[in-house]
Amino acid sequence: MTGKRYGMSIDIDRCTGCGACMVACAVENNVPPAPEGATDRKGITWMRVFPVDNGRDGPDRKSVFVPMLCQQCGQDAPCVSVCPQQAVQVDPATGIVGQMPERCLGCRYCMAACPYHARYFNWWDPAWPAGMEKTLNPNVAPRMRGVVEKCNFCHGRWHAAKERAVGRGAREIDPADYVPACVEACPTAAIRFGDLNDPRSPVAQAAQQSGSFRLLEKLGTEPKIYYHSAREWVREIGRAPAGKEQVHG
Amino acid sequence: MKHRSTYVFLSGVLIALGAGWAGFPYAIYESRPQPVDFSHKVHTGAGGMKCDDCHQLRPDGTFAGIPRLEKCAGCHAAAMGSTAEEKQFIDGYVTPKREVAWSVYARQPGNVYFPHGAHVKQAGLSCERCHGKHGQTETLRPYQEDRISGYSRDIWRGLTMGDCVACHEQHGIGQQGCLDCHK
């Protein structure tokens with residue numbers, strides 16, 4: 001199998017902040033509803049839409065929604081290098097930064113190291129309202145209390161796409177078979193997904209488009225999530241946080 | 001007897017060790033019979049069905065696993081023979097339309113991802129390579145479950161992580177990521 005480098009493009013100009021991606025993500029990945037007593041910082045949201053504004057008041061005030069998830073660093077991912085357990089692994093076949101809950105000891109060093117705050121700790125054992133456990137996705141194992149988790153580009157769907165290829169007798173997956181849940185759920189097609197190594201893929205093209213940027217590029221971690229906006233002040237937030245931040249949802 | 005107390009002590013140690021050795025599996029594993037004593041031999045024997053009549057790979061590449069009751073009901077709507085097992089199966093499951101809750105000997109922990117397609121269709125491995133002679137058995141042995149982890153004892157009979165990796169190395173499959181086999 002030829003090496004893939006999966007990435008995502010998110011067009012901030014198209015995001016309406018509806019939050020469909022957040023819901024689809026939680027359902028797909030068996031993230032339980034936050035228990036009573038969970039604060040904003042204790043909930044688990046692999047995908048999270050932040051409203052961000054330009055810090056001005058009155059008619060000058062402008063705001064946008066920024067979907068945030070693991071940025072899938074392609075170079076020296078900080079979570080990988082700080083983990084004392086080697087519980088974070090970059091899959092050479094896909095470039096996906098994977099978290100291994102079986103191995104994680106819960107020190108949360110990675111959460112401190114992550115420049116994007118895209119990692120979440122399980123403060124409780126997962127619990128679903130009675131009956132809802134029947135709707136769990138069998139392709140994703142729920143995590144336990146005491147471990148860290150994060151977006152892995154819907155890895156269960158990668159497995160399913162590979163099985164479908166086997167069913168067809170093919171060696172390569174059909175790109176249409178591997179689409180993360182947030183991408184599928186986005187009603188404005190703001191989020192797109194694909195192989196950055198394939199110049200024909202829409203993400204590879206979006207990455208080259210003018211107005212395309214990545215968050216905190218100066219850190220040199222080569223994230224594989226490409227944002228896009230035609231507005232300069234929006235692109236500015238990718239360089240350093242500006243203005244007040246508020247949590248959505 | 002000069003060393004009497006030593007002998008007493010040593011034989012005590014031996015007895016305790018032996019009892020622990022013999023008793024440990026019973027202490028740690030809980031045994032339970034399968035709900036129906038299904039015979040593979042009766043069904044797959046001379047002129048019988050083929051494995052994939054009941055255990056197919058679906059067109060989307062997923063494995064159908066153990067067949068559901070409707071598959072059995074096609075033949076067992078009424079008794080085909082006169083065995084007590086068949087009568088018990090028909091009265092207990094087919095007539096009341098109750099699915100049989102089989103225990104899967106090879107069942108892996110919930111965080112393991114195992115695709116049959118890659119092994120059976122793509123690599124052409126035989127079922128026996130991993131499941132032994134299960135496809136020819138006449139009766140079902142009791143299922144043994146680890147009381148602490150809830151895992152099947154059969155994992156330790158050739159399907160541990162080390163066994164998966166050993167065979168993958170044998171077949172020249174390069175370095176795999178953890179998430180290749182975990183989910």
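What follows is a walk through a predicted model, from a sheet in chain A to a helix pair in chain B and a few single residues.

Residues are numbered from 1 along each chain as its sequence is written, and chains are lettered from A, with ligands numbered from 1, in the order in which they are written. Local features need pLDDT of at least 70 and side-chain atom pairs count only at pLDDT 80 or more, while totals for chains, interfaces and linings use all residues; side-chain values use heavy atoms, leaving out hydrogens and water.

Let us begin with the sheet in chain A. Strands of a sheet pair through backbone hydrogen bonds, in either a parallel or an antiparallel sense. Here, four strands of chain A form an open sheet in the order 8-1-10-9, and the pairing is mixed. Strands are DSSP runs of E with at least two residues, helices are runs of H or I with at least four, and both are numbered from the N terminus; two strands pair if DSSP finds at least two bridges between them. At the edges lie strand 8 (191-195) and strand 9 (212-213) of chain A, each pairing on one side only.

Now look at strand 1 of chain A, residues 6-11. With strand 10 (residues 225-228) of chain A, strand 1 pairs in the parallel sense over four bridges, and there A:Tyr227 is the bridge partner of A:Ile10. With strand 8 of chain A, strand 1 pairs in the antiparallel sense over five bridges, and A:Tyr6 has A:Asp195 as its bridge partner.

Is strand 1 of chain A mostly covered or uncovered? It is mostly covered, with six of its six residues buried; buried means under 20% relative accessible area, exposed means over 50%, and partly exposed lies in between (1.4 Å probe, protein chains only). A:Tyr6, A:Met8 and A:Ile10 point one way from the strand, while A:Gly7, A:Ser9 and A:Asp11 point the other way.

Helix 4 (residues 69-76) and helix 5 (residues 84-94) of chain B pack at an angle of about 125°, with their axes 12 Å apart. Axes are lines fitted to C-alpha atoms, for helices over the stretch in contact, and angles run from 0 to 180 degrees between N-to-C directions. The two helices are therefore oblique to each other, since angles under 35 degrees count as roughly parallel, over 145 as roughly antiparallel, 65 to 115 as roughly perpendicular and the rest as oblique. Helix 4 of chain B gives B:Leu69, B:Cys72, B:Ala73 and B:His76 to the contact, and helix 5 of chain B gives B:Glu86, B:Phe89, B:Ile90, B:Tyr93 and B:Val94.

Finally, two residues of chain A have a positive phi although neither is a glycine: A:Arg108 at about 65° and A:Glu222 at about 45°. A:Arg108 sits in the loop between strand 5 (97-99) and helix 3 (109-113) of chain A, and A:Glu222 in the loop between strand 9 and strand 10 of chain A. A:Arg108 is partly exposed, at 33% relative accessible area, and A:Glu222 is partly exposed at 38%.

Technical notes. Contact means heavy atoms within 4.5 Å.
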